[in-house]
Amino acid sequence: MGKQIKVALIGNPNTGKTSVFNALTGLNQKVGNYPGITVEKKEGICKLPRGVKAHILDLPGTYSLNASSLDENVVIELLLNRNDKDFPDVAIVISDVENLKRNLLLFTQIKDLEIPCILVINMADRMNYKGISLDIPYLEERLETKIALTSTRKNKGIEELKELIANYKELSVKPCLNASEIDKPYFDNLQKAFPNQLLYKLWLVITQDVNFGKTDRNEIDAVANFKTKSKADLKRLQQKETIKRYQFINDTLKKGQSIDLANAKDLRIKLDRILTHKFLGYAIFFIILLTIFQAIYDWSSVPMDFIDSIFASLSEWVKNSMPQGTFTSLLAEGIIPGLGGIVIFIPQIAFLFLFISVLEESGYMSRVVFLMDRVMRRFGLSGKSVVPLISGTACAIPAIMATRNIESWKERLITILVTPFTTCSARLPVYLIIISLVIPEGRIIGLGYQALTLMLLYLIGFGAAICSAYILNKILKIRSKTFFVVEMPNYKLPMFKNVALTVIEKTKSFVFGAGKIILAISIILWFLASFGPGEDFNNAEEIVKTEVQNQNLSDEDLQQKVASYKLEHSFIGLTGRAIEPVISPLGYDWKIGIAIVSSFAAREVFVGTLATIYSVGSDQEETIKNRMAGEINPILGGPLFNFASGISLLLFYAFAMQCMSTLAVVKRETNSWKWPILQLTIMSTFAYIVALIAFQLLK
Amino acid sequence: MQTTLAQLKRGERAIIVDVSSIYVPLKLLEMGCLPGNFVELLQVAPFADPMYLNINGAHLAIRKETALHIIIEKTNG
Ligand SMILES: Nc1nc2c(ncn2[C@@H]2O[C@H](COP(=O)(O)OP(=O)(O)OP(=O)(O)O)[C@@H](O)[C@H]2O)c(=O)[nH]1
Ligand SMILES: [Mg+2]
């Protein structure tokens with residue numbers, strides 16, 4: 001195997017870099033129709049003609065080589081550091097045929113760095129629709145490059161692109177304009193001071209606001225001291241530079257591109273008139289949310305009950321047909337019910353991801369950003385915080401990563417801190433099962449009470465996020481400049497393949513991620529529940545028999561009593577008893593207590609944990625739902641899961657910070673343990689207090 | 001008549017005359033908000049903030065506070 005060609009995909013946000021990356025490498029990185037989907041480097045391998053291989057790097061989108069947010073900085077850091085192991089042999093600049101003018105700005109800057117460049121003009125399938133035609137040979141000549149016209153939707157032009165990459169040595173490294181003309185004396189001086197350096201690179205280093213973590217510090221310091229101009233002057237010069245570049249681009253496109261406006265159709269304007277309307281826009285947003293919750297509830301209750309009963313029969317079957325013994329009961333009482341507690345939620349999770357990914361692919365997300373910016377600003381957030389808050393309904397981890405796109409550090413930090421309040425998919429299982437137990441089934445104007453409760457819980461999550469943002473905004477003394485520029489992408493019909501892949505991938509990782517944890521937990525739980533210390537556990541049968549001697553119980557009832565007596569005196573029962581005083585004021589028994597404790601590994605194991613505990617403590621296998629409905633509150637009598645304790649549990653899960661992985665990501669993104677620890681203690685204490693108040697008021 | 005971008009009404013078009021290099025982020029300039037280019041106000045959120053614009057063919061939303069520092073000359077139509 002020869003040396004791999006190192007290729008970097010660079011371009012403005014939302015031009016289809018990741019789509020091209022996926023087409024070249026056959027991978028399935030996340031694609032979506034709003035700027036800022038990719039926030040970190042992703043790599044893959046591409047097979048080129050004649051047995052050559054290329055190492056492809058997908059990068060976050062950037063409008064120019066002047067970074068204004070963390071994700072953009074990744075690109076600049078790479079391009080300015082020739083010693084970086086990923087420094088590209090060839091840069092592929094991806095542009096969108098509809099926004100060519102703006103996309104070429106970045107292209108001309110990269111050309112100035114004298115890196116071999118291929119220009120990809122993507123979304124070629126839209127040319128007809130927009131009445132655009134291009135003179136490719138002319139553009140290639142003017143821009144000193146090779147052009148590949150591609151459409152990842154129609155799978156066109158990818159082979160040609162591979163051919164160009166394989167022949168990258170033939171590319172010119174000549175800049176396509178001379179930017180230093182804007183202030184000749186200044187640039188001449190600069191070059192004289194650092195004769196061995198690339199002029200444009202020096203200029204970038206001088207004008208960069210952000211820190212260059214990895215670039216060679218000494219070199220930069222030396223250059224950065226060579227200011228000789230005030231900040232305001234430098235900014236003015238940058239403005240001049242931008243104007244100069246646009247002049248060149250306008251000249252080029254005047255000849256190289258023609259747009260037949262009569263042939264152009266614009267759906268965007270019509271749709272935007274409604275979707276971003278002052279009042280209608282908000283109404284529609286609300287209706288979309290309402291529909292999602294109704295759908296999650298109504299469409300999935302049938303498959304859910306079906307899966308639930310399958311797992312109950314499976315347990316029963318294993319118990320009856322395998323030889324009795326420790327392994328059989330581990331399987332029937334530990335693992336199967338535990339896994340069942342995850343698998344029954346597949347339908348809802350899949351629906352949730354389906355909706356989120358359609359919202360992301362259609363281009364609607366940015367409209368929500370527009371609608372919500374002013375409201376969010378009141379609370380110290382940015383309109384851009386809406387994206388993490390909405391995609392946080394899938395999972396807080398990618399949502400927190402998505403904040404890298406927010407320019408202001410303060411707004412970004414606040415968004416990171418409050419995002420875990422949004423109802424993530426791991427809370428959904430807990431909500432669904434509790435709601436189905438304690439909220440009646442009726443309907444009001446076609447909407448089920450249960451679906452409305454679910455929606456209310458989501459609103460509570462957003463509400464908590466926004467209110468804590470407000471408080472944080474008042475408390476945190478951070479000054480950072482804020483500004484807000486959002487690009488509104490074109491509406492696109494979601495691509496079936498992208499949506500389907502997202503749904504399948506996300507559902508799979510939900511099931512396997514949670515599955516692994518619950519497998520471990522259910523084995524441990526089963527063990528702790530099936531064994532116990534001392535007399536009480538080992539002689540359970542005799543003790544119970546003498547206790548109920550004159551009650552004339554049937555054999556079956558007696559067995560049941562023995563099993564639950566044993567459970568109470570097992571290791572897990574004793575642990576549960578120990579924590580019971582803390583949680584009984586909230587209306588929970590020790591079994592729920594154990595489930596809450598195991599939820600700190602991951603919330604979604606709540607139901608599975610309960611299923612395993614119940615299964616060991618009883619003789620017959622039943623569906624999880626029936627079992628929970630049959631539990632009796634040990635202190636107050638009556639069903640354990642009633643309205644008061646149900647609401648208290650729902651609120652506890654709404655507010656508590658029970659996710660190790662989120663804490664780890666917050667630590668990484670904020671670079672300190674202070675914030676995750678603060679999150680953990682404040683959110684969990686708050687959850688406890690609210691649940692306590694709710695139960696005491698309602699009981 | 002010269003005024004600021006914040007004064008533009010829905011559906012109106014104008015030519016950009018001057019952009020403050022201190023108050024307006026470079027990013028916006030790079031997206032095409034430069035003297036000589038046209039701008040059209042497509043939509044406004046409540047209280048006219050943020051504003052949804054077509055600047056030189058790019059569809060962008062910016063806040064009113066930024067629009068205050070962009071000088072325009074209204075054209076008709
Ligand atoms: N019509 C059309 N749409 C495309 C094409 N390529 C990509 N898209 C769509 O464009 C949108 C953006 O694609 P991405 O690949 O996520 O773009 P990106 O450049 O990686 O975006 P960021 O990571 O946010 O910078 C998605 O909705 C894609 O489905 C194409 O050739 N034609
Ligand atoms: Mg991407």
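Predicted model: local features only at pLDDT ≥ 70, side-chain atom pairs only at ≥ 80, totals over all residues.
Chain B and chain A bury about 3,400 Å² between them, and 57% of that area lies on carbon and sulfur atoms. Within the share that chain B buries against chain A, K27(B), E30(B) and R63(B) supply 23%, more than any other three residues.

In terms of residues, the contact involves 33 residues of chain B and 42 residues of chain A. Between the two chains there are 15 residue pairs in polar contact, counting pairs with both residues at pLDDT 80 or more. On chain B, the elements that give two or more residues to the side touching chain A are helix 1 (26–30), strand 3 (38–44), strand 4 (51–55) and strand 5 (58–62). That side of chain B divides into 21 nonpolar, 6 polar and 6 charged residues.

Strand 11 of chain A, residues 485–487, pairs with strand 5 of chain B in the antiparallel sense over 3 bridges. Within strand 5 of chain B, L60(B) is the residue that stands opposite E487(A).

The rule finds 4 salt bridges across the interface of chain B and chain A. One salt bridge joins the side chains of R374(A) and D49(B), with an N to O distance of 3.4 Å.

D49(B) leads on to a backbone feature of chain B. The peptide bond from D49(B) to P50(B) is cis, with omega near -5°. P50(B) is found in the loop between strand 3 and strand 4 of chain B. A48(B) has its place in the loop between strand 3 and strand 4 of chain B, and its phi is near 55°, a positive value in a residue other than glycine. For comparison, most residues other than glycine have a negative phi, and most peptide bonds are trans.

An unreviewed UniProt entry lists residues 3–74 of chain B as "domain: Ferrous iron transporter FeoA-like". In the model, this span of chain B is 12% helix and 43% strand, and its end C-alpha atoms lie 8 Å apart.

Chain A has a hairpin of its own to follow. Strand 2 (residues 42–47) and strand 3 (residues 53–58) of chain A run antiparallel and are joined by 6 bridges. In this pairing, C46(A) stands opposite A54(A) in strand 3 of chain A. The hairpin has 5 residues between the strands, and R50(A) takes a positive phi near 60°.

R50(A) also has a side-chain partner. E163(A) forms a salt bridge with R50(A), and the closest N and O atoms are 3.3 Å apart. This pair links distant parts of the chain: E163(A) belongs to helix 6 (residues 158–166) of chain A, R50(A) to the loop between strand 2 and strand 3 of chain A, and the two are 113 residues apart. Over all chains, the structure holds 32 salt bridges.

Definitions and conventions: Residues numbered from 1 in each chain as written. Chains lettered and ligands numbered in written order. Heavy atoms only, no water. UniProt positions renumbered as here; feature names shortened; annotations may be inferred. Helix = DSSP H or I, 4+ residues; strand = E, 2+ residues; numbered from the N terminus. Contact = heavy atoms within 4.5 Å. Buried area = accessible area lost by both parts, 1.4 Å probe. Polar contact = N/O pair within 3.5 Å; in protein donor to acceptor, adjacent residues only side chain to side chain. Nonpolar A, V, L, I, M, F, W, Y, C, P; charged D, E, K, R; others polar. Pairing = 2+ DSSP bridges.
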